[in-house]
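Here is a short briefing for a first look at this structure. Keep the sequence and the model in view as you read.

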Amino acid sequence: MDTQINFSCSGLGRFTKTLAFVLSLFSSSMLSAADKGILLGELYDNAQLEQQLGWVLSSMTIDQKKYTLPPEVINTVNQVVKVRYSADLFKSSMEATLDEALSVGELLKLLDWYNSALGQKILRLEMEANDPRNTLYMQAYIEDKLSRELPRTSRIRLIEELMETLDAVELGTELAASASVGAKRILHEVMPIKDGRPLRPPEILKAREKPVIRKGMNDHMRYVYLYTYRSLPDNEIRAYLDFARSTAMQNFQRGQIQAIARIL
């Protein structure tokens, strides 16, 4: 009888522990689901993702000086771009895609990085380089300095390693092709060509453009990276490389590009 009682108590104990473990998992998953939206919003702000919207609008806005189009067409296209790619749409689309791409653990690692001194320093350099208002200055720096005298070989190799880790060439190609196709589709909406032929699907248009864009992307991105991180010492680039290799940063990079490609 005593044996049966002990066995029953032991079995009850194991059941209770198992039930508590299952409930804790359920509770933590519920908390994670509830908190993830807050973490995504915090990451969106801390990583200054809205600044990318300036790049999108700049890449898709038509410059009157570069196109021989009627002013009313250019104004209409630019207005459509401004309305269609609003800050609210950009944020909701970005957060939805990053929700798919990142786990709660990866979000926490990214927030720690962007709250660190080095993360903040690198973010400032990247925001400065990506600011459309800085384009002319960056081009002048590349033409006047980098085209004449490149940094030492070890520095170039370090920058190229960072480019490869962040998949800079492929991601830059994807962004440029998406922006180009998006701009052409908006122009077609505003001023359709009446030749009886339907506009090709965006996937086909992008597939046709990417090989051409990719040809010059490697050299272009090398210059951009050399410019962007020009003030960063080698040891800090290596520290950035270490974090860039993490699944958190890898998934974050791909998630951002996927979000922008979807929006465009």
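**Confidence first**

Helices are DSSP runs (H or I, at least four residues), numbered from the N terminus; strands are E runs of at least two.

This is a predicted model, in which local features need pLDDT of at least 70 and side-chain atom pairs count only at pLDDT 80 or more, while totals for chains, interfaces and linings use all residues. Residues are numbered from 1 along each chain as its sequence is written, and side-chain values use heavy atoms, with hydrogens and water left out.

- The average pLDDT of the protein is 82, and 84% of the residues score at least 70.
- A contact means heavy atoms within 4.5 Å.
- Residues 14-29 also stay under 50, with 0 contacts beyond four places in sequence.

**Helix α10**

- With 27 residues, α10 has end C-alpha atoms only 31 Å apart, short of the 39 Å that a straight helix would reach at 1.5 Å a residue. That expected span is 1.5 Å times one less than the number of residues.
- At methionine 217, α10 bends by about 45°. The bend is the angle between axes fitted to the seven residues ending there and the seven starting there.
- The buried residues of α10 include Leu205, Met217, Met221 and Tyr225. Buried means under 20% relative accessible area, exposed over 50%, and partly exposed in between (1.4 Å probe, protein chains only).
- The buried residues of α10 pack against α6 (117-130), α7 (135-146), α8 (153-165), α9 (168-190) and α12 (247-263).

**Tyrosine 225**

- Tyrosine 225 lies in α10, which covers residues 202-228.
- Tyrosine 225 is buried because its relative accessible area is 9%.
- Leaving aside neighbours within four places in sequence, tyrosine 225 is in contact with Ile159, Leu162, Met163, Leu166 and Ala168.
- Alanine 129 is 96 residues from tyrosine 225 in sequence, but 9.0 Å away in space, C-alpha to C-alpha.

**Glutamine 250**

- Glutamine 250 is found in helix α12.
- Glutamine 250 is buried, with a relative accessible area of 16%.
- Not counting residues up to four places away in sequence, glutamine 250 touches Thr165, Ala244 and Arg245.
- The side chain of glutamine 250 reaches the backbone oxygen of alanine 244 at 2.8 Å.

Methods. pLDDT = per-residue confidence, 0-100. Polar contact = N/O pair within 3.5 Å; in protein donor to acceptor, adjacent residues only side chain to side chain.
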